[in-house]
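Subject: Structure handover, with notes on the salt bridges

Dear colleague,

Please find below the structure I said I would pass on to you.

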Amino acid sequence: MRTILITGPGGSGRTTIAAATALTAAREGTRTLLLGADRTDTLGAALGRATGPAPEKAAPNLTTWRPDAADRFRQDLTAFQARAASVLDLLGAARLDAEEVTPLPGAEELSFLRALRDAALSERYDLLVVDLPPLHQALSLLALAEELRRYLRRLLPPERQAARALRPVLGRLAGVPMPADWLYETAARWDVELAAVQAVLTDPGTAVRLVAEPGPAGADAVHTARLGLALRGLGIEALIANRTLPEATPDSWLSSLLAQQRKTLADWREQPCDADCVVHPVPHLGRDPRGGDDLTALAVPAVNPDPAPVEWPVADRIAEDGVLVWHIPLPGAIRDELDLIRRGDELVITAGPFRRIVPLPSALRRCTVAGAGLREGELRVRFAPDPDLWPTGGR
């Protein structure tokens, strides 16, 4: 299955473009699922028919789904209370009824990610179009699964789970009770679920369709998105320049706006947001698009059936320079806003407002960092083999 993640700055029309993208694919015969994250039915407003918490057929080959994240959280908490019943009873805790539960911060995001995973793993569809939240929220959402997995593994490392027979002895030696089995079991279950979400986001068939209005604010948003998405290893399949004005614009203030749009579009075409990214203008209809006819009039491009995967290759330069070079594409990165820290078998990369902790490829774990440089939107980190760790008979 192909997965297209659609986002953009607030007010850019990303939901309308998501609906138009899904409808275009469905009319071409692609079995398409349109997944929405908004609490309010903005997708339904664009499509001209309501969407809800259960998958519903909206048109031939098109199914819509706007999962109820709050209800999912209530179900998860109720199930957790059942699994932890003995511990809660020991503590004298009062159980929470489902009716009194309201989602905690972050709970809805996790529930939506699980819905995205369920949708992507379904065999009933060929294309999943995801209407993500506005850009800054979307970038945080896309990082959530990977970061939570890392936290879980640091706090409850599976390899540290002691055998049950040794728990009482270890507990006495440590002077504190050992973590209960249910805690490790819960952590393991969460790790599996988060890994499945992460697998969807890192799949070669997953790409981003970025929506922005051509202009100074849109240009700033695209610059931010390029860097944030690149650091996550996500490619931009298309940049939709939404609400572009027609060339014949007689009004003076509209003429100024048209000139501003032209300049931004020229900049975007000269320096595309990704290697295979298509810059596609979508016309301003003079009204908010509503229903199938308006969505068709937007003429959004078809989804690229064969996107180029984002790669972070390691080049072998040992024979020439005595180093291995890790190539990390970071379009739009600024040298003064870059920072690298080696922590064991991980590399902490800070690029502008974004940070990611990535595991080193196996060959680089036996090396020391010998330097780094930023060239043509690509970070190149040099690693020298460590004589104490590098096999003498080859790698």
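Please keep in mind throughout that this is a predicted model. D126 is partly exposed in it, with a relative accessibility of 32%. The partner of D126 is R31, and the two form a salt bridge whose closest N and O atoms are 2.8 Å apart. Because R31 sits in the loop between α1 and β2, while D126 sits in the loop between α5 and β5, this pair ties together parts that are 95 residues apart in sequence. R31 is itself partly exposed, its relative accessible area being 36%.

A second salt bridge joins E108 to R39, with 2.3 Å between the closest N and O atoms. Here too distant parts of the chain are linked, since E108 belongs to helix α5 and R39 to the loop between β2 and α2, 69 residues apart. R39 counts as exposed, at 67% relative accessibility.

The pair E146 and R356 also forms a salt bridge, in which the closest N and O atoms lie 2.8 Å apart. As E146 lies in helix α6 (residues 135-155) and R356 in strand β13 (residues 354-359), the pair connects parts that are 210 residues apart in sequence. Both of these residues, E146 and R356, are buried, which means that each has under 20% relative accessible area.

Beyond these pairs, R114, R117, D118 and E193 are linked with one another in a network of salt bridges. For the model as a whole, the count comes to 21 salt bridges.

Definitions and conventions
Residues numbered from 1 in each chain as written. Predicted model: local features only at pLDDT ≥ 70, side-chain atom pairs only at ≥ 80, totals over all residues. Heavy atoms only, no water. Salt bridge = Lys/Arg side-chain N within 4 Å of Asp/Glu carboxyl O. Helix = DSSP H or I, 4+ residues; strand = E, 2+ residues; numbered from the N terminus. Buried < 20%, exposed > 50% of the residue type's maximum accessible area, 1.4 Å probe, protein only.
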